[in-house]
Structures are given as C-alpha cells and as structure tokens.
Amino acid sequence: MGLKLYNTFTRKVESFQPIDNNKVRLYSCGPTIYDFAHIGNFRAFIFIDLLKRILKFSGYEVNHVMNITDVDDRIIKKCGVENISISELTPQYLDAFYEDMYILGIEPAEYYPLATEHITDMIKLIEKLVGRKHAYITNEGSVFFDITSFVDYGKLSKISADSLKQTDRVSSDEYEKENPTDFALWKAWKPEDGDVGWNSPWGRGRPGWHIECSAMSMKYLGEYFDIHCGGTDLMFPHHENEIAQSVGATGNEFVNIWLHCEHLLVNNTKMSKSLGNYYTLKDLLEKGFAPETLRYFLLTTHYRQKINLTFEHLDAAASSVERLRDFSRRLELLAGESKGKTYAYVEENFLKVMNEDLNISAGLAVIFNWIRGMNRYLDSNSLSSELAGEALILLKRFDMILNVIFEEGIVLNQKDSDLIKEREVARQNKHWTRADEIREYFLKKNITLEDTAKGTVVKRNIKQ
Ligand code: AMP
Ligand code: ZN
C-alpha cells in the first residue's frame with residue numbers, strides 16, 4: 001500500500017499520488033530571517049525532513065523549495081531600530097539558519113529563493129490579479145486583494161461564509177488575525193520603511209508577505225504542484241491567502257495536498273519569539289544536549305500532535321538514541337559479508353505503518369521490537385556474522401530516515417546521484433576542474449565526497 005497523508009484542505013487521510021509520475025514537487029514556508037530561529041521553527045522543518053526522507057525511501061524524486069522571507073514588517077522594524085539596511089541585517093541570520101539545519105541533520109531543499117530577489121515575479125502576479133479584478137489599487141498606491149471576489153475564500157481554514165461580509169483591510173504582515181479581511185499585495189512606501197522599497201506600476205513600495213509564497217512556489221514548481229507544508233499557525237490567513245492569490249491569478253488548481261504540523265510547546269504554550277518562551281538550537285546545545293537528541297525529540301512525535309518541550313523528554317530522547325547506537329556498535333563488531341534479506345519483513349512493516357500518515361510512533365515500535373529480539377540473540381552469542389551484516393544494512397536503511405545513528409545517513413536526489421556519477425567519469429578522464437566543481441557543490445551542502453577504491457563515499461560533514 002502506498003503513502004497516505006492527511007490533507008488539511010479536505011480534512012481527510014488521502015492516498016498520495018504525485019501529479020507527474022514519481023516526481024514530487026514540494027513547497028514549504030521558510031523562516032523570516034530577522035533573528036535566530038527557535039527550536040519550535042525546527043519542529044516544522046524536521047517534519048518536512050521526515051516527509052522527504054519517506055518519499056525518497058519509497059522511490060520518489062523530490063524537488064523541494066523553501067522560501068526565505070528577507071523583507072517584512074519585523075525585518076524593517078529591526079533595521080530601523082538598529083539603523084542598518086536589510087542587507088546588513090539578514091545575512092547573519094540566514095547563515096545561522098543553514099547551519100542549524102545542517103547541525104540537526106535536515107536535508108537541504110533544492111532551492112531557497114529569497115523574497116528580495118523575486119520582486120519582479122511578485123509584481124507580475126499582482127498585475128494579473130488586478131487585471132482579473134481580484135485586486136484594487138488604493139489612493140496611496142497600495143494594492144489589496146478583494147476577498148469577496150474569490151468565492152472559495154475560506155475553504156482551507158473553514159472560515160464561515162458569514163464572517164466574509166467583513167471587508168476591512170489589513171496591511172500588516174502579522175498573521176494572528178481571526179477575521180478575514182482584504183489583505184495587502186503591495187504596500188505603498190511609508191517614511192518608516194526608510195530605504196526599503198522597489199519601483200512598481202503603483203509607485204514605490206514593497207510586497208506583502210503572502211504574495212511571495214504564491215510567486216516563488218509557482219515559479220519553481222509550476223502552477224499546480226503536489227504538496228505544500230507549514231505550521232498550523234500559517235493555515236489562516238497565510239495559506240488561505242496564497243490559495244486566493246494563486247488560483248485567482250491562474251484560474252488553475254494550486255496545490256494537491258496541504259500538510260500542517262502542530263506546534264512545539266513550552267509549559268503547554270506555543271513556543272514563540274513574541275512570548276519570549278523560546279530556546280534556540282544553540283541554547284540547547286550549550287545545555288549539553290547533542291544535536292541527534294534534539295533531532296530525535298522533534299522527529300518522533302506524530303506531526304499532527306503537539307509536543308511539550310521538557311528536559312525529561314530530552315533525556316528520554318537521548319537514551320533512545322543511545323540504545324540505537326549501542327545496537328549499531330554490537331552489530332559492527334560482529335558483521336560479516338552478507339547477501340540475504342532475512343529482515344526484509346521488518347522494513348516492510350516499518351514502511352507499512354509510516355505510510356499511514358507518517359505514523360512515526362508505530363514505526364519506532366517496529367524498529368525497537370526488532371532490536372529487542374536481536375539483542376537477545378547477541379546476548380546469547382547466537383547471531384551469525386552474516387545475519388549481523390544483514391541487520392547492519394537494515395539499521396543503516398532506517399537511519400536514512402532517522403539520521404541519528406550513523407554519520408552517513410544521506411539520501412541523495414536524482415540530480416545529486418547523477419552529479420556523483422559525472423564526477424567519477426570526470427576523474428577517470430582527468431577533467432579535474434569539473435570534478436572539483438562538483439566537489440565544491442557538495443561541500444556547500446555540507447557533504448564530503450571521498451574517493452575510495454570502491455568508488456565515491458558520500459559523507460555528511462562531522463557533526464558538532
Ligand atoms: P516564521 O519564521 O515565524 O515565519 O516561522 C517559520 C515556520 O516555523 C513556520 O512554518 C511556522 O509555522 C513554524 N513555527 C513557528 N513556531 C512554531 C512552533 N512553536 N512549533 C512548530 N512550528 C512553529
Ligand atoms: Zn508561505
């Protein structure tokens with residue numbers, strides 16, 4: 001049986017089938033780089049990592065785009081306070097974000113488009129919306145989406161039709177709003193914006209936050225793509241507005257499956273910057289928790305359940321990782337040549353439960369039950385070296401998903417596998433420049449290619 005996922009749009013668990021053969025086009029809302037991300041943000045990103053790894057494990061090719069919001073109200077405000085420009089503020093937080101993703105063993109997306117590099121795409125999209133009478137221009141030179149022009153407005157978040165009568169306008173990027181309102185696509189320049197602004201058919205200004213995701217997702221993935229992810233807080237109004245903008249502009253369907261992950265809580269309250277109840281990754285590393293512990297902790301609660309962060313829970317995660325590693329060490333000591341598939345049924349059982357909307361708790365139960373049984377054989381010295389070898393291969397396969405046991409838990413996409421092959425050929429033909437270029441490309445993704453007699457070994461660079 002194939003993968004089933006809970007589609008927020010239909011509120012149903014549905015069979016997943018990519019639009020285009022075995023290629024999955026996936027978009028997720030990325031960070032706003034006005035500060036360091038907190039560990040709650042990484043819950044959302046680790047959920048996407050799990051989804052991607054399961055898709056790849058099942059043989060799909062994944063093209064993942066995650067936007068980087070590098071212009072919005074919060075960024076402009078901070079630039080004002082610190083009296084610096086956007087380009088002086090954001091790069092450090094972008095670097096920190098990439099580094100945290102790497103430390104947490106999260107596979108990079110194929111593209112990380114920056115909002116400020118896609119202003120023209122956004123302007124074009126807004127022009128289409130104006131042309132199709134979904135948007136109107138104000139006297140000051142702002143452009144607003146008219147939600148009453150889009151009959152399906154509210155379908156994702158199930159906002160009642162009654163409240164749609166309200167047609168207030170919001171221009172703020174803050175999204176805790178409960179009421180549906182016309183929202184800004186383009187915001188006319190104000191003195192508080194300082195030197196932030198771009199020319200447009202409506203005068204100088206800047207895009208609203210929602211339009212960037214419609215413009216960049218469709219630019220890189222096409223008008224209709226497979227999966228769109230984000231935290232539940234983004235469902236309304238951000239994702240509702242994305243649907244209105246994209247469907248309004250193209251007249252086509254936009255997204256096949258919407259997935260939303262629940263929040264990370266602290267003392268049963270959502271972890272957030274504004275409440276001040278947050279930890280960054282660095283905070284928790286400084287408290288002595290290993291990256292793998294944090295990854296395991298964030299990965300192993302079902303994505304539609306809230307997780308409460310406590311140090312007891314982190315200690316429990318550390319013990320689980322240790323149990324997995326103990327088992328790997330015992331196998332490594334014994335493992336010999338192996339060709340059989342004695343434990344294929346364990347992998348099948350694992351995939352079967354993971355296919356049920358990524359049921360990670362059931363998946364881990366399959367793994368740990370198997371380990372318990374195997375440890376009994378190891379205790380009584382009755383595991384052959386061949387079977388230990390087979391078990392080690394399976395454990396490595398599981399780590400392609402968990403990525404907390406071995407160093408080399410990397411699943412490559414088709415493009416990267418092809419590049420590795422191309423580099424091997426280049427090396428054979430002594431085309432060193434091309435070989436080095438490809439090696440550099442991987443280094444940027446924190447992956448080292450090691451040349452051995454048996455071919456290229458792909459290694460994730462050493463964790464902290
Ligand atoms: P932001 O940088 O605030 O735009 O958020 C980036 C991503 O992190 C979004 O997908 C949010 O839904 C998600 N997010 C923010 N806070 C939390 C939290 N406490 N738990 C889980 N995800 C969160
Ligand atoms: Zn978005």
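Is leucine 358 buried or exposed?

Modeller: Leucine 358 counts as buried, because its relative accessibility is 1%.

Some ground rules come next. This is a predicted model, in which local features need pLDDT of at least 70, side-chain atom pairs count only at pLDDT 80 or more, and totals for chains, interfaces and linings use all residues. Residues are numbered from 1 along each chain as its sequence is written, chains are lettered from A and ligands numbered from 1 in the order in which they are written, and side-chain values use heavy atoms, without hydrogens or water.

Back to leucine 358. This residue sits in the loop between α10 (344-354) and α11 (360-379). Helices (H or I, at least four residues) and strands (E, at least two) are DSSP runs numbered from the N terminus. Most residues other than glycine have a negative phi, and most peptide bonds are trans.

Asparagine 83 also has a positive phi of about 55° without being a glycine. Its place is the loop between α2 (73-82) and α3 (86-103). Asparagine 83 counts as exposed because its relative accessible area is 70%. The peptide bonds hold an exception too. From phenylalanine 236 to proline 237 the bond is cis, with omega near -5°. Proline 237 belongs to helix α6 (residues 235-250).

Now to helix α10, where glutamate 347 is found. With 18% relative accessibility, glutamate 347 counts as buried. Leaving out residues up to four places away in sequence, glutamate 347 touches Phe57, Leu394, Arg397 and Phe398. Contact here means heavy atoms within 4.5 Å.

Next, the wider layout. The chain is split into domain 1 (18-266), domain 2 (334-406) and domain 3 (414-460). These bounds come from an automatic or database domain assignment. Between domain 1 and domain 2, the C-alpha centres are 40 Å apart. Eight residues of domain 1 contact ten residues of domain 2.

There is a metal site as well. Cys29 (SG), Cys213 (SG) and His238 (NE2) coordinate the zinc ion (ligand 2) at 2.1 to 2.2 Å. The cysteines tie together distant parts of the chain, 184 residues apart: cysteine 29 is in the loop between β3 (23-28) and α1 (39-57), and cysteine 213 is in helix α5 (residues 209-221). Along the chain, the zinc donors follow the spacing C-x183-C-x24-H. Donors are N, O and S atoms within 2.8 Å of the metal (3.2 Å for Na, K and Ca); water is not among the atoms, so sites may look incomplete. Cysteine 29 is buried, at 8% relative accessibility. Cysteine 213 is buried too, at 0% relative accessible area.

Empty space comes next. Rolling a probe the size of a water molecule over the atoms shows where it is left. The structure has four cavities of 30 Å³ or more. A cavity is a set of points, on a 1 Å grid over the protein atoms alone, where a 1.4 Å probe fits but cannot get out; lining residues have an atom within 4 Å of a point. Points are joined across faces, edges and corners, and volume is the space filled by probe spheres set on them. The second largest cavity holds about 50 Å³. Its lining includes Pro31, Thr32, Ile33, Tyr93 and Asp100. By class, the lining has seven nonpolar residues, one polar and two charged. Ala, Val, Leu, Ile, Met, Phe, Trp, Tyr, Cys and Pro count as nonpolar, Asp, Glu, Lys and Arg as charged, and the others, Gly among them, as polar.

Leucine 185, in strand β8 (residues 182-188), is buried at 0% relative accessible area. Leaving aside neighbours within four places in sequence, the contacts of leucine 185 include Ile126, Leu129, Phe144 and Gln245. Threonine 293, in helix α8 (residues 291-299), is buried at 6%. From threonine 293 to leucine 314 is 21 residues in sequence and 6.7 Å in space, C-alpha to C-alpha.

Methods: On a 1 Å grid over the protein atoms alone, a cavity is a set of points where a 1.4 Å probe fits but cannot get out, and a pocket is an open set with protein on both sides within 12 Å along at least five of seven lines; lining residues have an atom within 4 Å of a point. Buried means under 20% relative accessible area, exposed over 50%, partly exposed in between (1.4 Å probe, protein chains only).
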